[in-house]
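Biologist: Please take a close look at the final residue of this chain and describe its surroundings, with the overall fold as background.

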Amino acid sequence: SLTNLTVGNSVEKIEEYAFLYTSIPTVTLPATVTSLGTGAFGACASLSDVRFGGTTEQWNRIKKDEWKKDTPRVIVRCSNGNVLED
């Protein structure tokens with residue numbers, strides 16, 4: 001089982017359902033991400049922590065409609081020190 005997933009710096013989009021039903025508790029996303037497809041992290045019961053390499057403003061600009069559909073509460077930690085509940 002994976003304990004964390006780090007997405008590479010060249011990635012701009014996580015496709016729909018890319019990690020559906022995975023049991024990864026921690027995901028690290030680079031500031032280059034601009035889109036999280038529908039269900040990209042859907043039904044990921046273990047996912048609780050997303051570490052985002054950008055600022056809160058950058059996180060808020062990401063297209064992320066239903067990106068974690070059927071996934072419980074997730075904490076997003078931005079590089080500027082802000083912690084968001086999504």
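Modeller: Helices (H or I, at least four residues) and strands (E, at least two) are DSSP runs, numbered from the N terminus. By that convention the protein has 1 helix and 7 strands, in the order β-β-β-β-β-α-β-β from the N terminus on. This is a predicted model, in which local features need pLDDT of at least 70, side-chain atom pairs count only at pLDDT 80 or more, and totals for chains, interfaces and linings use all residues. Residues are numbered from 1 along each chain as its sequence is written, and side-chain values use heavy atoms, with hydrogens and water left out.

D86 belongs to the segment after β7 (83-85). Because its relative accessibility is 29%, D86 counts as partly exposed, a class between buried (under 20% relative accessible area) and exposed (over 50%), with a 1.4 Å probe and protein chains only. In the protein, buried residues account for 40% of the 86 residues.

Leaving aside residues up to four places away in sequence, D86 touches W59, K64, W67, K68, R73, V74 and V76; contact here means heavy atoms within 4.5 Å. With W59, the side chain of D86 forms a polar contact of 3.5 Å, that is, a pair of N or O atoms within 3.5 Å, where within protein one must be able to donate a hydrogen and the other to accept it, and residues adjacent in sequence count only if both atoms are side-chain atoms. As for T28, 58 residues from D86 along the chain, the C-alpha atoms of the two are separated by 15 Å. The C-alpha trace of the protein spans about 30 × 20 × 20 Å along its principal axes.
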